[in-house]
Amino acid sequence: MNHNPPLIPRVSPYAVWYYFLSRLDPVTTRWIISAFVFTLLILLLSGWRYRGKDYPAISIGIGGLSGFCSGLAQTGGPPIVGYWLGRPLPSAIARANILLFFAASDFFSTVSYALTGLITADAIRFSFLIGPAYAVGVWFGASLFGRASEKLFRSICYALIAAAVIIGLPALDGVLR
């Protein structure tokens, strides 16, 4: 006689959230992302800064949230940018950490896309078209870094985040798209 209880599958709450969010209408997803980024911006603008000790759990949590946002809608930047801009760090260190994150993120995304066949000939041609403009923009922005005060640096970052929120709002699709 078998006295073992039947196997009941256990489902992670994260899997439930991922399943729910991955089934959302794209417009609803855009509203959620816009609200999330706007909330981070308000937190940054409030002047609040995390001044506590750096714990591995915090870094892992921010990394996990960023990964989740990347998986949901390729928007992994806001949690990382919010975290580093929300720290009482010199702008050069915050900038270096943010750039390192985006470089690593781009590398892993490229490998992942290549392995799953998402990089097409059209995508490569498009990258050659916009790549030079992107490179000029990066060069121009890098040449300006260090010339602005800490306050101006953060103000520019906040303005770019606000512009991204506004441009991403589904309500403006008729105007911007």
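**Overall build**

The model is a predicted one. The protein has 8 helices and 0 strands. Read along the sequence, the pattern is therefore α-α-α-α-α-α-α-α. The chain holds 177 residues, and 20% of them count as buried. Contacts across the sequence matter for the picture too. Among contacts with a separation of 6 or more, 72% join residues 24 or more positions apart. The protein exposes about 12700 Å². Carbon and sulfur atoms supply 73% of that area.

**The nonpolar core**

In soluble globular proteins, nonpolar side chains tend to be buried together. Here the largest nonpolar core has 12 residues. They are Ile33, Val37, Leu41, Leu44, Val81, Leu85, Ile98, Phe153, Cys157, Tyr158, Ile161 and Val165. Helices α2, α4 and α7 (150-168) each supply at least two residues of this core. The largest share, 5 residues, comes from α7.

Take Leu44 as one member of this core. Setting aside neighbours within four places in sequence, Leu44 is in contact with Arg49, Gly82, Leu85, Gly86, Tyr158 and Ile161.

What does Ser91 touch, leaving aside its neighbours within four places in sequence? Ser91 is in contact with Phe145, Glu150 and Phe153. Ser91 lies in helix α5. Is Ser91 buried or exposed? Its relative accessibility is 11%, so Ser91 counts as buried, the cut-off being under 20%.

**Salt bridges**

Side chains of opposite charge can pair when their charged atoms come close. A search of the whole structure finds 3 salt bridges.

| Salt bridge | N to O distance |
|---|---|
| Asp173 and Arg30 | 2.7 Å |
| Asp54 and Arg87 | 3.1 Å |
| Arg125 and Asp122 | 2.3 Å |

Start with Asp173 and Arg30, whose closest N and O atoms are 2.7 Å apart. This pair links distant parts of the chain. Asp173 sits in helix α8 (residues 173-176), and Arg30 sits in helix α2 (residues 26-45). The two are 143 residues apart. Asp173 has a relative accessible area of 22%, so it is partly exposed. Arg30 is partly exposed as well, at 24%.

Next come Asp54 and Arg87, which meet in a salt bridge of 3.1 Å, N to O. Why does this pair tie together separate parts of the sequence? Asp54 lies in the loop between α2 and α3 (56-73), while Arg87 lies in the loop between α4 (77-85) and α5 (91-115), so the parts joined are 33 residues apart in sequence. Asp54 is partly exposed, with a relative accessible area of 42%. Arg87 is buried, at 7%.

Arg125 is exposed, and so is Asp122.

**Aromatic pairs**

A pair of aromatic rings is described by the distance of the centres and the angle of the planes. How many aromatic pairs does a search of the whole structure find? It finds 3. One of them is Tyr83 with Trp84. Their centres are 5.1 Å apart, with 70° between the planes, and the pair is edge-to-face. Tyr83 has a relative accessible area of 12%, so this residue is buried.

Phe101 and Phe102 also pair. Their ring centres are 5.1 Å apart and their planes are at 65°, so this pair is edge-to-face. Phe101 is buried, at 18% relative accessible area. Phe102 is partly exposed, at 32%.

Tyr113, Leu118, Ile119, Ile124 and Phe128 make a nonpolar surface patch of about 490 Å². Ile124, one of these residues, is placed in helix α6 (residues 121-144). Its relative accessibility is 39%, so Ile124 counts as partly exposed.

Conventions: Residues are numbered from 1 along each chain as its sequence is written. This is a predicted model: local features need pLDDT of at least 70, side-chain atom pairs count only at pLDDT 80 or more; totals for chains, interfaces and linings use all residues. Side-chain values use heavy atoms; hydrogens and water are left out. Patches are made of residues with over 30% relative accessible area and no salt bridge: like charges are joined within 9 Å, nonpolar side chains (Val, Leu, Ile, Met, Phe, Trp, Tyr) within 5 Å. Accessible areas come from the Shrake-Rupley method with a 1.4 Å probe; for residues, only the protein chains shown count as cover. A salt bridge is a side-chain nitrogen of Lys or Arg within 4 Å of a carboxyl oxygen of Asp or Glu. Helices (H or I, at least four residues) and strands (E, at least two) are DSSP runs, numbered from the N terminus. Buried means under 20% relative accessible area, exposed over 50%, partly exposed in between (1.4 Å probe, protein chains only). Rings of Phe, Tyr and Trp (its six-membered ring) pair if their centres lie within 6.5 Å; planes under 30 degrees apart count as stacked, over 60 as edge-to-face and the rest as tilted. Contact means heavy atoms within 4.5 Å. A nonpolar core is a set of buried Ala, Val, Leu, Ile, Met, Phe, Trp, Tyr and Cys residues joined through side-chain atoms within 4.5 Å.
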